[in-house]
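This briefing concerns the secondary-structure elements of one protein and how they pack against each other. Please keep the sequence and the model at hand while reading the points below.

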Amino acid sequence: MSNSEDEDLPQLSSHALAALQEFYAEQKQYTDLGGDDKYNIGIIEENWQLSQFWYTPETALRLAEEAMAAAGEGGRVACVSAPSVYQKLRELHRDDFSICIFEYDHRFAIYGEEFIFYDYNNPVDLPEKIAAHSFDIVIADPPYLSEECLRKTSETIKYLTRGKILLCTGAVMEEEAAKLLGVKMCKFIPKHTRTLGNEFRCYVNYDSGLDREL
């Protein structure tokens, strides 16, 4: 190839090349994850632009244990915008429960068939394999503290659950959550790895262990 032909080829700017290299490095990072490591909370970093804030390991464990107790042996659990709980469930029990993670962020596709792409703006635009009322409990943490987000996420919750709901959202959403889902605030207070500006609470519509201690 002549020098003139070389000059005609499109060249990436140093900024674009650096961004491309960063993208490939990130993809390799998630591809290389294997075994138990990929279920560690924080292995996939928070993306604040997607309003992602992970639970502390202690909170994730408490919510995972609650989900297992509520679902019962061999139960089905849906984690809607609650990846920390999904990761903790999978860390605790490999085959005892059927679990799906409903997420907008495609980085969570490392979890294979258990990953279900989910956009709260299209509440029931789900794969055919996800049948209505096919989960014993739905754990949901709507990404935004807004009436619209909670209302649309509630449509998803009601479509998925056979009855039990565990909702995690801001204390300011208490009245709206009760109206949309018939849930009540629990005594247990969930905590995140980073301090949030809004008080967070858990809400359920069944007799829950989360309401038995301060």
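Pro57, Ala60, Leu61, Leu63, Ala64, Ala67 and Met68 in helix H3 meet Ser84, Val85, Lys88, Leu89 and Leu92 in helix H4, where contact means heavy atoms within 4.5 Å. By class, this contact of H3 with H4 has 10 nonpolar, 1 polar and 1 charged residues; Ala, Val, Leu, Ile, Met, Phe, Trp, Tyr, Cys and Pro count as nonpolar, Asp, Glu, Lys and Arg as charged, and the others, Gly among them, as polar. The model is predicted, so that local features need pLDDT of at least 70 and side-chain atom pairs count only at pLDDT 80 or more, whereas totals for chains, interfaces and linings use all residues. Residues are numbered from 1 along each chain as its sequence is written, and side-chain values use heavy atoms, with hydrogens and water left out.

**Overall make-up**

- The protein has 6 helices and 7 strands, which are DSSP runs numbered from the N terminus, with helices (H or I) of at least four residues and strands (E) of at least two.
- Read from the N terminus on, the elements follow the order α-α-α-β-α-β-β-β-α-β-α-β-β.
- Of the 214 residues of the protein, 45% count as buried, a term that means under 20% relative accessible area, with exposed meaning over 50% and partly exposed in between (1.4 Å probe, protein chains only).
- Among contacts in the protein with a separation of 6 or more, 64% are accounted for by residues 24 or more positions apart.

**Packing of H3 and H4**

- Two packed helices are described by the angle between their axes and the distance between the axes.
- Helix H3 (residues 57–71) and helix H4 (residues 83–92) pack at an angle of about 70°, with their axes 8 Å apart; axes are lines fitted to C-alpha atoms, for helices over the stretch in contact, and angles run from 0 to 180 degrees between N-to-C directions.
- H3 and H4 are therefore roughly perpendicular to each other, on a scale where angles under 35 degrees count as roughly parallel, over 145 as roughly antiparallel, 65 to 115 as roughly perpendicular and the rest as oblique.

- An open sheet is formed by 7 strands in the order E3-E2-E1-E4-E5-E7-E6, and its pairing is mixed; two strands pair if DSSP finds at least two bridges between them.
- Strand E3 (115–117) and strand E6 (184–185) stand at the edges with a single partner strand each, so one side of each is left without a neighbour in the sheet.
- Strand E2 (residues 98–103) pairs with E3 in the parallel sense over 3 bridges, and Glu103 stands opposite Phe117 in E3.
- E4 and E5 run parallel and are joined by 5 bridges, with Leu167 in E5 as the bridge partner of Ala140.
- H3 lies across strand E1 (76–80), strand E4 (135–140), strand E5 (161–170) and strand E7 (200–204), running at about 155° to E4.
- H4 lies across E1, E2 and E4, and runs at about 155° to E2.

**Strands E5 and E7**

- In E5, 7 of the 10 residues are buried, so this strand is largely enclosed by the rest of the structure.
- In E7, 5 of the 5 residues are buried, so E7 is largely enclosed by the rest of the structure.
- Phe200, Cys202 and Val204 point one way from E7, Arg201 and Tyr203 point the other way, and all are buried.
- E5 and E7 run antiparallel and are joined by 5 bridges, with Cys168 standing opposite Cys202 in E7.
- E6 and E7 also run antiparallel, joined by 2 bridges, and Met185 stands opposite Tyr203 in E7.

**Packing of H5 and H6**

- The axes of H5 and helix H6 (residues 174–181) come within 10 Å and cross at roughly 30°, which makes H5 roughly parallel to H6.
- The crossing of H5 and H6 is right-handed.
- Glu147, Leu150, Arg151, Ser154, Ile157 and Lys158 in H5 meet Glu176, Ala177, Leu180 and Leu181 in H6, and by class this contact has 5 nonpolar, 1 polar and 4 charged residues.
- Ser154 lies in helix H5 (residues 147–160) and, at 1% relative accessibility, counts as buried.
- Leaving aside its neighbours within four places in sequence, Ser154 is in contact with Leu180 and Leu181.

How values were computed:
A crossing is left-handed if the near helix is turned anticlockwise from the far one by less than a right angle, and right-handed if clockwise.
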